[in-house]
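Subject: Structure handover and findings

Dear colleague,

Please find the structure below, followed by my notes on what was found in it.

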Amino acid sequence: MNIWALLILPLASAVIITLLTRKNKDLSSYISIGAVVACFAIVAPYILKMFGDPHMHPEEQAFIWLDIPGLMVEIGTLIDPLSIVMLTVVTFVGSLIHIYSRGYMHGEEGFSRFFACLSLFIFAMIGIVISNNFIMTFIFWELVGLASYLLIGYYYQKPSAADAAKKAFIVNRVGDFGFVLGIIVIFYATGTVNFAEVARHIAAGEVSNGTLGLASLLIFCGAVGKSAQFPLHVWLPDAMEGPTPVSALIHAATMVAAGVYMLARTGFLFAAAPAGAMEVIAYTGGITALMAALLAFGQTDIKRIIAYSTLSSLGYMVMAVGVGGTNAGMFYLMTHAFFKALLFLGAGSVIHACHTNDIWEMGKLYPKLKITAVTFILGSLAMMGIFPFSGFWSKDEVLTSAFTSGHTLLFIMGVFTAFLTAVFMTKLLIVTFFGEKRYHGHPHESPSLMTIPLIILSIFAVIAGVVGIPGVEPSFGDFMPSFGEGHGEHHFNYFVAVTSTIAVFIGIFVGWLIYSKKAIDNKQLAANWSGLYAALVNRFYIDHFYDTVLVKGIYNQIARISNYIEVYIIINFIINGSAYLTRQTGKALRLTISGQLQHYALAMVGGVLVIMMMYVIL
Amino acid sequence: MTITHYLILSLLLFSIGVAGVLLRRNTIIVLMSLELIFNSVNISLAAFSYFLQSLNGTVFVIFNITVAAAEVAIGLAIVVSVYRSRKTVNVEELDEMRY
Amino acid sequence: MEGFPILSAIILAPLIAVVILLFVQERMIALIRTIAVVSTSISLILSFYLLFAYDKALGGYQFIEKIEWVKSLGISYHLGVDGISVAMLVLTSIVIFTGVFVSWVGIKHRIKEHYIFLLLLVAGVFGVFASLDMLFFFLFYELAVIPMYPLIGIWGSANREYATMKLTLYLSLGALFALLGLLSIYFTSGAQTGVYTFDMLAISQLSFDSGYQIKVFLPLLIGFGVLVPLAPFHSWSPIGHAAAPSAVSMLHAGVLMKLGAYGIIRAMWLVPEGAQFWMPWVAGFALINIFYGGMVAMGRKDMKFMIGYSSSSHMGYVLLGLATVNYIGVNGAVLLMFAHGIMTALAFSLIGFVYDQAHTRMMYDFSGLAKKLPFVAVAFAIMAFASSGLPGLANFVAELMVFIGAFKEYPIHAIVAVFGIIVTATYMLRSIRDVFFREPQDKWDHLKDATTFVERLPFVILIIVLMVVGFYPSILVDLINTGVVPLVDKVNASTLG
């Protein structure tokens, strides 16, 4: 099957739905689902091929998109194990979420629009994954941003959704600012934007260390925006204004992970970059992970809690890349895609049943929503990283990378994050599914269209770690080395595994103490630590800082001052002023027009006399 | 009688005319002063024509007289019509063209 | 079509329509509109023919027509196009063709006179892009500028007298400087060779003394810069856009501003050393355009003013691209002229469409229009994303090329310019949020979406062009490149002593 179909099918689906089948909701959803499932079908043979031959040769195809002297840009595809893993995640999770959406979005006004946007998203996401050069990556990078914008703003009549969509796009643009500059730096350093070519130039030592460091940090800016790393993480929690399947697909499983994928894809750059640049990346990830895990405590909205856990996971992945464990990061990305999509879809199922997002209006839902609850619990266990769920293997891999590379501080932060994650996930489970009944109405289980994807995802959430288990062949690490950078082997470190497992169990115990046993009164706790609690609820005032200081305080003031200059100085003073001066001069000169014939005559005679005088004198 | 005498006469007439145009208030007098200026020019033209033995000056004088006649006709007509509408021919009061 | 005077036909089609329209009765509206559509579609078809018939392998000036006009003064009717001018002709013909349809919907009184002035204007624009004779270049330039006065003064909206006066005075001032420069070149080249000629092809062969080139480039730069509009001579443009009727705003922002940039390109070609000397200054002022224009747009609540200032911000990218004088940057600049022309034409036609019904353009007056006007909302969003440089739409490629080109010559400028796209995104997305998103209001229930063929056609054409060029920019870039390479080579070959 032609690889280009991966791009053409979803794009065609988006176009056809928009132009032709908008009125026919069912047909629209079938077209969209069909496109993404077909993409998965195209990817499937490659997966088998990859398992058969983990060190397969990268396949590259390209055509020239833009060619002027000095700049040639291709649109091309690069199929290697890295992109196959990501393609699998995108098309497989994407297919399940598409199917789920048909149930979840049932009866919505913009049903067809929703599926058109989903198809557009799949198109753009696949574009990022198979891209073979920086500019193509950037093109699709922006297009996933567009799809994300459209889907966050799906309920565009809601002011909060409209704001969230705008915020997501603009915050991403801030990250892209660095990304574009990074691409340009690389282009001038190597004279090409093709990944393989750039890697070759770097490997040949043609690029100075300073340039590499600058380029890698600038490229990383793009990942900071897209993968919502501190300090550009603010858009992701707000993005939960979109429908839940969108949160699952875009804001958990795929798009936000694109930043990590991009870091892995351009690993040749980071591998060669000076250590300082990598430290920045690692600590950005570590801080994001820790901060997001703390912030999750301040939230009561089920989706926002999961969103913060996503932030935290993304921080993990970036941290892994930063400490040199690209394959650990990608492994975590893959398992995360399964269990986080599962958690979001489960949350969607709960919201579908209760018609609220507030976990304090749920409680004791387990008997009503058995399938949802069980799958959700499986997802949570995977997320916490309990043996032998997938999350255990991947989290362990990340922590091991940090530990063995000598980043003890990051390792401690990671373990503490795991502890916090366990606490708030326990809280989420207990408050939502157990404890006393606080819901209204009669919640009932979602239709099978929604529960089947949950079940399938939960299976993968449990077993996806298999490829990362030491000793299992082919192991995940075999897939990763591309462009010849070598973080192939799996490390398994008993100290790390035991430490993190203990931390998780303590976390679960603490959560149980507070929210189930009520041994510790959580209200009392909040009152005792009111300063911290307020800071958590207000997201450490970071949004507040951006909003009042950067946007209202600086940005809008510059706009206001510019307008002041424009209106008062340029238009009113200089331009209208010169017009005024001309008019006044005219008025003054007009006074000489007395209307007295004899004055004119006198002036004429006077003039003649003056000329005569001059003639005589000179 | 040299040409100087004629030119002095012409100058005197011209000055009287200019003074009349500048100083008198009655439009009729101003017109008459204008005629004086014309005639001062005519005198000098005639004088030059005689002393230089050239007919050009004489031709110009005849032209001038003709034009002056036409001009007086128009000028007086304007004065009459102004008088009819304004009941005055005082130039100081005719300042409609003022700013 | 060997020997058929295509360029003359493109210019004459609207002019002949003007003559015919003079003899048509005012009340025969359908006939008037048909004549306008037919004449502009002739130009459209012919300019698209040029797009494909232009021999890219050969390059240089093609489709040359030359008729001696005043031999003693060296004036001739001399037409010819290179890759850059073909792109501009295509842009102009698309914008006027859609503009005729926009006026079809929007103009309700004095229809005949409206079309007469509109077609006169566009004939002038075609003429500028096709002229190879400096005098005709200038005449056509004036022909393009003067009809703006009645077009805004008669069919404009609020504050139109002030706007049209300001615009005409500014453009006349610009034209004066440009004329001074062109005449100076005429006399200097004449003195140098003994043959006085306005023929640009002949003059471009000469090489002037560098001191003179530096001196003469300045009036040309200011003259054409006013039209671009180069900050700080930009203030005629936003108010001109705001007061003008939709079709005129479209032409004004879509095409007239490009005349200025095109004039600068021609000036670079005629006096390359002067260009080299002044380009760092141009880059500096371009930066003011980009950043300052963007920030003013950010502070504006009137949508037309917002787009107006954003145009001056985007033209800053064009100037920056030209200032780089390298292949990538100049190609980007010319492509951006095209892309921005299409994008602003779309913007003004959409805003005009809403304004004609709602009688307000203030963003705070609206909310939730996407519910009532889904088609307009989608088109507006495409415009806004094009403007903020989203891939898949024409502006992205052009802006990226400008950034890459600029980074080589002026890295600091390039960084600020890249920052500019964040600014663009903020005000564009804010306008979408304020106008089309949030809760619908009852008071806008009477608004109607674009449903009929005539209403939708201009929007659809403009969007398709944006997308086609965005998806496959080589369609235009290969063409533009044939004009850019010799230009850049010529400027770079002349090293300042």
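**Helix 17 of chain A**

Helix 17 of chain A, which covers residues 390–404, has 15 residues and reaches 21 Å from its first C-alpha to its last, close to the 21 Å expected at 1.5 Å a residue (the expected span being 1.5 Å times one less than the number of residues). Helices here are DSSP runs of H or I with at least four residues, strands are runs of E with at least two, and both are numbered from the N terminus. Helix 17 of chain A is mostly covered, with 14 of its 15 residues buried; a residue is buried if 20 or more other C-beta atoms lie within 10 Å of its own, exposed if 12 or fewer, and partly exposed in between, with C-beta atoms placed from the backbone. After helix 17 of chain A comes Gly406(A), whose phi is positive, near 90°.

This is a predicted model, in which local features need pLDDT of at least 70 and side-chain atom pairs count only at pLDDT 80 or more, while totals for chains, interfaces and linings use all residues. Residues are numbered from 1 along each chain as its sequence is written, and chains are lettered from A and ligands numbered from 1 in the order in which they are written.

**Chain A against chains C and B**

Between chains A and C, 37 residues of chain A are in contact with 41 residues of chain C, where contact requires C-beta atoms, placed from the backbone, to lie within 7 Å. On the side of chain A that touches chain C, at least two residues each come from strand 1 (59–68), helix 5 (134–152), helix 6 (159–190) and helix 24 (542–590) of chain A, and helix 6 of chain A gives the most, with 14 residues. That side divides into 25 nonpolar, 5 polar and 7 charged residues, with Ala, Val, Leu, Ile, Met, Phe, Trp, Tyr, Cys and Pro counted as nonpolar, Asp, Glu, Lys and Arg as charged, and the others, Gly among them, as polar.

Towards chain B, 11 residues of chain A are in contact with 10 residues of chain B, and helix 25 (residues 597–617) of chain A supplies the largest share of the chain A side, 5 residues. By class, that side has 6 nonpolar, 4 polar and 1 charged residues.

**Chain B**

Chain B has 3 helices and 0 strands, and 12% of its 99 residues count as buried. The C-alpha atoms of chain B fill a box of roughly 50 × 25 × 25 Å along the principal axes.

Best regards

Terms used: Two residues are in contact if their C-beta atoms, placed from the backbone, lie within 7 Å.
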